[in-house]
Amino acid sequence: MNLELSGDQLLLKESFERLFRTDSSPARVRAAEPAGFDQDLWQSLAEMGALTMRVPEADGGGGFSLLDAQIVAEEAGKALASAPLIEAMVSNRLLARLTAVTDNPEIRALLDRAMHKNAVITLALFDVADRPEQIIAGGSAAEVVLALDGDRILACESGRQEDFLENLADLPIARWNLTEGALLAEGEAARAEFGAALEEWKLLTAAELNGMARRTVELATAYASERIQFGKPIGTYQGIAHPLANLIMEIDGGQLLNWWAASRLADGASDAGATISMSFWWAAKTAGQAGERALHTHGGYGLSLEYDVQLYHRRTKARALLLGDPNDELLNVGRRSWLGETPALPEAGAMPLDFGFGDAAAKLSAETEAFFRDNMTPELEAKAHFSFEGHDWDFHRKLGTARLLFPSWPEEFGGRNADPYAAVCSAAVWDEHNWGRVGTGVTDMVGHMIQWFGHPETKAEVLPLLARGEATCSLGYSEPGSGSDVFAARTRAVRDGEEWVINGQKMFTSGAELASYIFLLTRTDPDAPKHKGVTMFLVPIDTPGIEIRPIYTFQDERTNTTFYADVRIPDRFRIGEVNGGTAVLGSALRLEQGGGGYVPVHDKMLELAVKWAQQTKRAGKPAIEDTSVLSRLSRIAVHGVVSDMLSRRSLWTTAEGKQDLAYGPMSKVFAVETYNQDSTDLLDLTAPDSILRRPGPPGQIERDHRRSTASTIYAGASEVLRSMIGEKALGLPRSR
Ligand SMILES: Cc1cc2nc3c(=O)[nH]c(=O)nc-3n(C[C@H](O)[C@H](O)[C@H](O)COP(=O)(O)OP(=O)(O)OC[C@H]3O[C@@H](n4cnc5c(N)ncnc54)[C@H](O)[C@@H]3O)c2cc1C
């Protein structure tokens, strides 16, 4: 996996950042408002080769890849560039591509005008057959509009009806009549090239919108960090900080989705067309919300024309609307995913990003899959539950013997030294088979803590038992008085010679009824600040003085409250330094908050819902053909891919030791919040069957709905994680 731009791409990004800083400063954007077009900026873009960067080198252009163009588009968005840059990039490339379709000399002449005279050439986003007159992006500055009329491509030069249409965001637009134009090319191949150009426009516009949204949130963050109300910066209020945290997570996800779409194109993947639609819809939605939220963050001042945020507020909304209602593009996600629509697609060119998990991961997944195929029985399938409830000791030991419980552990401790990608992919197979990974995930995490911080004797004694599947662990962090504020734990551990004596109570000690060990958070120095007085232990469950009482939850999951009365354990069961529990628990929480585990679960829920919509009739037709059903399923599909992107980035960051700006919390919050929102939506969609506890898709959705509710609470409640995102990813002041 590699989610880092190449050195050349970073240089490209920097050089356009520099160009826009001077040639598209807020003052220049304001100066261009009367026409929406800055002729000097256009000149600079032409000199930088931006207008023809997507024209192949053989045709005299830059021959840059789609991803390169996405990078430039994003920078243009950040600076609100007053120029139809994307329209030009796409139109000029289309002209070059048409030279291969027909030898009409008019095409080469137009390309020469674009390349040598910097002529503004743009394209019509709607078929002339449907809309002979239409608003043209870049149309107020354009000399030529390329338009598709049925299967004919026309070059229109004389149809502009007004010089400039006053509009919400001072975009350079005009209405054109496109019925008269020179015929450039016709036939299926020409039509396909035009279609591919439109798809490229969507992808680049999505990149531009992502850039705009990011800059908009930066403006809001800067203001929220400085503006004082009620004696504090407004960014310390969660009502201000959390929506911005949500936005940066969604914008990051949108950028990754935009790159993912290019990568799917480069791979020739069958979902490439759907991912373009996903990227456009998501960017349009997120940018609009960023503009609204940023203006709101500025209070009354945001409305003042002196403030830049109002420029962003208007542009983040208006730019996407040139293609009409962005929700139409959401329907395209569904049509392309499930109704067989296959659009013509652009070529992506070189792609240095690699979203794949690698060969080792594929091999281990295949082995895990084969294991499940060979060993799952109808009895086990009936017993399966996502939590500790489905635990089966025989099956667990078999997994241990096959060394499939904890593949990332070193071989000496019963693992396979598998890389993190392989371990995650192997775990996903469990979810695909509905076999709960929660309990084993807990033991996996505790095993890592023992390896990293444990006493050598404890490692030698405990790890082989865990790896063979003969013992499991459970987590004892939460207490009656401390949940989210986990470091406020009061359970006391007091040293007595070579032993520790533990007294206290834990809440929600899930899986304690099965476990051999509890990974326990204790207070060892009550006088120190709360983070400095805690120590972690591995407490053997059969130690005298431990009592376990069940708590039953509405998601069919038993958890427990556990009591500790003069529980004595040797010092070798201490995990980490005395009063150093924060470092140990911090590492454990980072592993727990990666969020990746919900991606296969969300995918599976969508798969069931799609199956339901294909098999259920509405008004005599499959429900999936109903646009309301299709758009809801499509929205869920987009959430699934964005979640997957954030989860891959979190994994990659950890695996490669890259800079981490709360990527784990972003991945977790996005995954569980969309899981919760989407399962609720599907509960509505599949009602009334969904309220029945039965096998089959609606019944599974009902279970997902109950499960998803808890997922927003455990392993870090969403509010607490949003505060972390605000602080770490945006640099907002502390809001807890
Ligand atoms: C089914 C289940 C299994 C669990 N398993 C385990 C386990 O095995 N081991 C274990 O130790 N724990 C476990 N937990 C506990 C879980 O980690 C806690 O429930 C969680 O940390 C939240 O604590 P709380 O329930 O006390 O809620 P609280 O922390 O009291 O939170 C209540 C509400 O207030 C919000 N809130 C809290 N602090 C803030 C803040 N600073 N800003 C804004 N909002 C805030 C929360 O988001 C939440 O919405 C489990 C919980 C459940 C439901």
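Hi everyone. When I say polar contact today, I mean a pair of N or O atoms within 3.5 Å. Please also keep in mind that this is a predicted model.

Let's start with the ligand, and with F508. A backbone N or O atom of F508 sits 2.9 Å from a nitrogen atom of the ligand, so with the cut-off at 3.5 Å this pair is a polar contact. How much of the ligand does the protein bury? On its own the ligand exposes 970 Å², and the protein buries 67% of that.

F508 has something else to show us. Its phi is positive, about 55°, although F508 is not a glycine. You'll find F508 in the loop between β11, residues 499-506, and β12, residues 517-523.

Two side chains make polar contacts with the ligand as well. S484 has an N or O atom in its side chain 2.6 Å from an oxygen atom of the ligand. Q238 places a polar side-chain atom 2.9 Å from a nitrogen atom of the ligand.

Now let's step back to the whole shell. Which residues come closest to the ligand? They are S478, S484, F508, S510 and E719, out of 16 residues that surround the ligand. Sorted by class, the shell has seven nonpolar, six polar and three charged residues. As for where they come from, domain 3 (473-591) and domain 4 (594-730) each give at least three residues to the shell.

How many cavities of 30 Å³ or more does the structure hold? There are three. I'll take you through two of them.

The largest cavity holds about 160 Å³ of space. Its lining is made of 19 residues, and the ones nearest its centre are S387, H391, W435, G436 and T440. Two elements give two or more residues to this lining, namely α14 (393-401) and α16 (438-453). Of these, α16 gives the most, with three residues. By class, the lining of the largest cavity has eight nonpolar, nine polar and two charged residues.

On to the second largest cavity, with a volume of about 130 Å³. It is lined by 18 residues, and A83, P84, L171, P172 and R319 are the closest to its centre. Here α5 (85-98) and α10 (309-321) supply at least two residues each, and the largest share, three residues, comes from α5. The classes in this lining are ten nonpolar, three polar and five charged.

And where does the second largest cavity lie? Domain 1 (7-193) and domain 2 (211-338) both contribute residues to its lining, so the cavity lies between them.

One last stop, for anyone who likes to check backbone geometry. The peptide bond that joins A687 and P688 is cis, with omega about 0°. P688 is in the loop between α21 (663-685) and α22 (697-711).

Methods. Residues numbered from 1 in each chain as written. Predicted model: local features only at pLDDT ≥ 70, side-chain atom pairs only at ≥ 80, totals over all residues. Heavy atoms only, no water. Near = heavy atom within 4 Å. Polar contact = N/O pair within 3.5 Å; in protein donor to acceptor, adjacent residues only side chain to side chain. Areas by Shrake-Rupley, 256 points an atom, 1.4 Å probe, with all protein chains shown as cover. Nonpolar A, V, L, I, M, F, W, Y, C, P; charged D, E, K, R; others polar. Domains from an automatic or database assignment. 1 Å grid on protein atoms, 1.4 Å probe; cavity = no way out; pocket = protein on both sides within 12 Å on 5 of 7 lines; lining within 4 Å. Points joined across faces, edges and corners; volume = space filled by probe spheres on them. Helix = DSSP H or I, 4+ residues; strand = E, 2+ residues; numbered from the N terminus.
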